[in-house]
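Student: Could you walk me through reading helix packing and burial in a model?
Tutor: Gladly; let's have the structure in view.

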Amino acid sequence: MSEISNTRLYALRAIYLLVVVGLALTLWSDVLASKKPIASWGFFHGVQTCMMGAFWLLCALGIRYPLQMLPILMWELIWKTIWLVAVPLPLYLNGSFDEKLLPNVMAIGAVVLIYLVMPWSYVYHHYVKKQGHPWRKLG
């Protein structure tokens, strides 16, 4: 397997940085500006905020370790693709797409950037072809 080019590594770092900056401007500004403690938020809002905070931290690590943090980008790529195929696509195909959904589709549709920078050969060799760890040691 060939090495990952510096260009690809910097493209991955740019994606991680885009997420870090984007969440810093949206998630953390909302958290810091909130007058209510997180514990008083609704259950799902609190869970979403905590999950996005963890995602933010892992993407910050991805700037330094772009290949080691690929699973976090793969998770992002998978859930966004599933959502795009399962929610807006059927609505669009049956003619009942609501224009209020468009900003979410555009934001989540930015997942195409991950498809473009993902080192697919590396993913194949390290997550598909590579033998996994044994479930238990033999002998």
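Student: Which residues does Thr-49 touch, not counting residues up to four places away in sequence?

Tutor: Thr-49 touches Leu-27, Val-31 and Trp-41, where contact means heavy atoms within 4.5 Å. Do keep in mind that this is a predicted model, in which local features need pLDDT of at least 70, side-chain atom pairs count only at pLDDT 80 or more, and totals for chains, interfaces and linings use all residues. Residues are numbered from 1 along each chain as its sequence is written, and side-chain values use heavy atoms, with hydrogens and water left out.

Student: Is Thr-49 buried or exposed?

Tutor: Thr-49 counts as buried because its relative accessibility is 8%. The classes are buried under 20% relative accessible area, exposed over 50% and partly exposed in between, with a 1.4 Å probe and protein chains only. Thr-49 is found in helix 2; helices here are DSSP runs of H or I with at least four residues, numbered from the N terminus.

Student: And Phe-44, which class does that residue fall in?

Tutor: Phe-44 is also placed in helix 2, but it counts as exposed because its relative accessibility is 66%.

Student: How do I describe a pair of helices that pack together?

Tutor: Two packed helices are described by the angle between their axes and the distance between the axes. In this structure, the axes of helix 1 and helix 2 come within 8 Å and cross at roughly 145°. Axes are lines fitted to C-alpha atoms, for helices over the stretch in contact, and angles run from 0 to 180 degrees between N-to-C directions.

Student: What is the hand of that crossing of helix 1 and helix 2?

Tutor: It is left-handed: the near helix is turned anticlockwise from the far one by less than a right angle, clockwise being right-handed. Residues of helix 1 in the contact include Leu-23, Leu-27 and Val-31, and those of helix 2 include Thr-49, Met-52 and Trp-56. By class, the contact has 15 nonpolar, 3 polar and 2 charged residues. Ala, Val, Leu, Ile, Met, Phe, Trp, Tyr, Cys and Pro count as nonpolar, Asp, Glu, Lys and Arg as charged, and the others, Gly among them, as polar.

Student: At what angle do helix 1 and helix 3 pack?

Tutor: Helix 1 (residues 6–33) and helix 3 (residues 70–86) pack at about 65°, with axes 12 Å apart. This crossing is left-handed as well. Leu-12, Ile-15 and Tyr-16 in helix 1 meet Leu-70, Ile-72 and Leu-73 in helix 3, a contact of 6 nonpolar, no polar and no charged residues.

Student: Where does helix 1 bend?

Tutor: Look at Ala-24, where helix 1 bends by about 40°; the bend is the angle between axes fitted to the seven residues ending there and the seven starting there.

Student: How should I read the spacing of buried residues in a helix?

Tutor: An α-helix has 3.6 residues a turn, so residues three or four places apart point the same way. In helix 1, the buried residues include Leu-12, Ile-15, Val-19 and Leu-23. Their cover includes helix 2 (43–64), helix 3 and helix 6 (112–117).

Student: Why does Lys-80 count as buried?

Tutor: Lys-80, in helix 3, counts as buried because its relative accessibility is 13%. Leaving aside neighbours within four places in sequence, Lys-80 is in contact with Ala-107, Ile-108 and Val-111.

Technical notes. Helix = DSSP H or I, 4+ residues; strand = E, 2+ residues; numbered from the N terminus.
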